[in-house]
Amino acid sequence: MERGNQTEVGNFLLLGFAEDSDMQLLLYGLFLSVYLVTITGNLLIILTISSDSHLHTPMYFFLSNLSFADICFASTTVPKMLVNIQTQSKMITFAGCLIQIFFFTAFGCLDNLLLTVMAYDRFVAICHPLHYLVIMNPRLCGLLVLGSWCISVMGSLLETLTILRLSFCTNMEIPHFFCDPSEVLKLSCSDTFINNIVMYFMTIVLGVFPLSGILFSYSQIFSSILRVSSARGLHKAFSTCGSHLSVVSLFYGTGLGVYLSSAATPSSRRSLMASVMYSMVTPMLNPFIYSLRNRDMKGSLGRLLLRATSPNEGTIAELS
């Protein structure tokens with residue numbers, strides 16, 4: 001069957017989680033809570049940074065962009081899943097699936113690139129502290145973020161367009177709660193050689209290279225930290241990059257878990273849960289990691305919440 005004829009009537013079925021109605025209700029409440037915490041936490045990070053002039057630095061500029069990317073990343077898959085659970089429908093149109101693949105890939109790549117940019121920022125701050133403000137000037141910071149957006153969108157567009165050339169068979173069931181590109185390729189009746197080449201190319205350029213950059217930055221950071229003699233200097237250096245290192249470990253750890261679980265047991269429940277960790281839990285935990293491990297963020301967030309609850313007391317606290 002030709003692709004044009006298929007896409008007119010072809011809809012994908014997102015098999016998702018349990019069929020039991022009681023379990024579906026429990027999952028709906030759980031995932032809705034996770035989504036609301038993700039949106040609220042990341043919005044608080046953005047509002048805190050924008051409202052405090054002391055946080056108008058390169059590190060927090062990149063962090064606010066990361067929080068925005070996390071909001072969009074979670075919003076690509078979770079709302080559709082919640083609607084499907086509520087309406088007892090598993091269907092997603094071919095066009096809707098393509099849109100989901102595009103945005104899921106774009107914001108996933110953007111997360112990856114922003115973490116790399118933040119690693120470079122920490123490298124400059126610790127290894128070249130005297131030249132930090134000169135190197136990480138506003139123009140370079142803007143270009144780094146703009147470049148991350150452009151590369152992510154172009155890479156995602158390339159992967160999405162290659163799916164348009166495929167035709168699909170009668171089996172349109174995706175064993176996930178969203179249109180995972182690798183699972184969509186498995187349903188194709190066409191030759192997916194070009195798609196696999198594009199996917200491997202994307203993995204290397206937007207996955208392996210950024211991870212190599214992060215590892216190199218931290219190898220230089222740790223080498224520089226080991227040369228610090230004072231305990232206070234060591235504590236400051238570790239506290240400066242501790243939050244970012246935790247987020248990087250969580251992001252790549254869950255991503256690697258998705259890959260390994262898919263390779264070991266394709267379409268298994270374990271692979272599905274790994275995808276939940278990667279696409280939902282990681283964006284939710286990022287704000288907690290940065291707010292709990294960062295003294296500046298905790299102080300600014302406290303002042304923001306104080307102003308929101310008691311405007312007069314917040315003004316007095318700022319003056320004091």
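The mean pLDDT of the protein chain is 83, and 83% of its residues reach 70 or more. Confidence is lowest in helix 1 (residues 3-9), at a mean of 39, and highest in helix 6, at 95; helices here are DSSP runs of H or I with at least four residues, strands are runs of E with at least two, and both are numbered from the N terminus.

This is a predicted model, in which local features need pLDDT of at least 70 and side-chain atom pairs count only at pLDDT 80 or more, while totals for chains, interfaces and linings use all residues. Residues are numbered from 1 along each chain as its sequence is written, and side-chain values use heavy atoms, with hydrogens and water left out.

An unreviewed UniProt entry places the feature "transmembrane region" at residues 25-47, 59-78, 98-120, 140-158, 197-216, 237-260 and 272-292; such positions are given in the numbering used here, feature names are shortened, and annotations may be inferred rather than shown by experiment.

| Span | Helix | Strand | Distance between end C-alpha atoms |
|---|---|---|---|
| Residues 59-78 | 100% helix | 0% strand | 28 Å |
| Residues 98-120 | 100% helix | 0% strand | 33 Å |

N286 belongs to helix 10 (residues 269-293). The residue N286 is buried, with a relative accessible area of 5%, where buried means under 20%, exposed over 50% and partly exposed in between (1.4 Å probe, protein chains only). Leaving aside residues up to four places away in sequence, N286 touches D70, V247 and L250.

A search of the whole structure finds two cavities of 30 Å³ or more. A cavity is a set of points, on a 1 Å grid over the protein atoms alone, where a 1.4 Å probe fits but cannot get out, and lining residues have an atom within 4 Å of a point. The second largest cavity holds about 30 Å³ of space, and its lining consists of E159, T162, I163, P181, L185, N195 and M199. Helix 6 (138-164), helix 7 (181-186) and helix 8 (193-226) each supply at least two residues of this lining, with the largest share, three residues, coming from helix 6.

How values were computed:
On a 1 Å grid over the protein atoms alone, a cavity is a set of points where a 1.4 Å probe fits but cannot get out, and a pocket is an open set with protein on both sides within 12 Å along at least five of seven lines; lining residues have an atom within 4 Å of a point. Grid points are joined across faces, edges and corners, and a volume is the space filled by probe spheres set on the points. pLDDT is the predictor's confidence in each residue, from 0 to 100. Contact means heavy atoms within 4.5 Å.
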